[in-house]
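Thanks, everyone. Have the structure open, and follow along with me.

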Amino acid sequence: MNEKKIKHYLIMAVSTNHMLRGDQLLKNEGLTTSLVPAPSEYGSVCAIAIKVKTIDLEKAEIILKENDISLQGIYPEKIKKLSGLVEKLEQAVISDDFLKVLKKIEEGEELLFEDIVILLQTERKAEMDALFAAADRMRLEIIGDVVDIRGAIEFSNICRKNCKYCGVRKSLTDLERYRMDEDEIMEVVHQIHNIGLQTVILQSGEDLWWTPEKIVSLIERVKKETGMRITLSIGERSKEEYALYKASGADNFLLKIESTNKEIFKFIHPDDDYDHRVKCSNDLRELGYLNGSGNIIGLPGQTAQDIARDILFFKKMGINMIGIGPFLPAKGTPFEKYPPGSVDMTLKAVAVTRIVCRRVFIPATTALASIDKDGQTKALKAGANTIMLINTPAKYRENYQIYSEKNMVDLKSADKAIKEAGRKFPPYLKYKEGIVL
């Protein structure tokens, strides 16, 4: 490769801690850097690299060496081009602005804020089809055709928070509350482990009855008895708690930002602080978690510009798992009579997130399946690559409704979406032609 043509290099550190420290050191020395997903040949799906300009590479190496930052390697950035995108649209009715952005995608150039807004604002069918096709192509070439399937257990609907949109908010007095105990949870963990799933999502409201000691006990049992990967989704906790769970065996953590517009965030989260939420995400990243976030499409006052900023936030933060779903109203909440979010805007956000953030996990969310019977199929065709099954026991399931009329996502519905999207089941799943093996 001609070094004169290489615009950037990717620096891979040996650990998340070294990568974050190294990135900050380079920034402190005035170098322009960014955190980006590592290409498949350099690391796992969620690996992150420090991107530096070629002219800054020698200085960067000196700074990192002087500060004892251990490196896995330094690699030339390979531009992911998607040839043929524009050629296929020669007879289509598309705007000049959209065509310019599509050409940038085709050439592997990074999209600017203005480019992302153009993609999100399009309402022409030909343009939306082209956007979804570009995202699906990016997904195919970077991730492949296999859909990752995970199992979620919603183990408590008790919450200390009063988020205005949420169907398990603290002030809902008519909701029947429940809390599964450790043995109940482990029974379900073994069920999903027996069908081959490799990741269990342990999700709950912010239920402080589940103390650090109890959560550690649960994590250790899951690891000892099944060896499964563990995603925690239990809300805002201290960095010390996050560190304890990581040391006990937790692998991933899902903590959605919901919106990066601070006014909207405050409006929907009356007892939360935006900067503290971001700090929690930073803490999780620094501790080496595979970091999950996401947003809600269709929140009151939200614009395409807000969604564009959300996507750039995911990229800047090096988020590994990005959940994007439409707003759906929940009975009894302050937002009960608000209109649901747009399916089309949600799918556009999924597609643009794939194009901008590239090598990340993007679920075809349950919320999409709840608002559109073909929603998960459409999301898979627009760049999504993950489905999360709902494995909460039936006797509790109806009382864990973040939004009303939540659709059931099980192996049968996942099978339908994957086949309709022309995608592949993961080889680890003990399931074939509608039958659990």
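Strands here are DSSP runs of E, at least two residues long, and helices are runs of H or I, at least four long, both numbered from the N terminus.

Before going on, a word on the source. This is a predicted model: local features need pLDDT of at least 70, side-chain atom pairs count only at pLDDT 80 or more, and totals for chains, interfaces and linings use all residues. Residues are numbered from 1 along each chain as its sequence is written, and side-chain values use heavy atoms, with hydrogens and water left out.

Back to the bridge. Two strands count as paired if DSSP finds at least two bridges between them.

Now the other neighbour. S5 is joined by 5 bridges to strand S6, residues 199-204, again in parallel. Ser-156 has its bridge partner, Ser-204, in S6. How does the chain cross from S5 to S6? It goes through helix H6, residues 182-194, in a right-handed β-α-β crossover. Right-handed means this: with the strands pointing away from the viewer, the path from the first strand over the helix to the second runs clockwise.

Is S5 covered or open? Mostly covered: 9 of its 9 residues are buried. Buried means under 20% relative accessible area, exposed is over 50%, and partly exposed is in between, with a 1.4 Å probe and protein chains only.

Zoom out. The open sheet has 7 strands with parallel pairing, in the order S10-S9-S8-S7-S6-S5-S11. At the edges are S10 (321-326) and S11 (386-390), each pairing on one side only. From one strand to the next, the twist averages 25°. Axes are lines fitted to C-alpha atoms, for helices over the stretch in contact, and angles run from 0 to 180 degrees between N-to-C directions.

Next, aromatics. Rings of Phe, Tyr and Trp (its six-membered ring) pair if their centres lie within 6.5 Å; planes under 30 degrees apart are stacked, over 60 edge-to-face, the rest tilted. That rule gives 10 aromatic pairs. Phe-265 and Tyr-274 are edge-to-face, because their ring centres are 5.4 Å apart and their planes stand at 85°. Both Phe-265 and Tyr-274 are buried. Ring pairs also link Phe-267, Phe-327, Phe-335 and Tyr-338 into a cluster.
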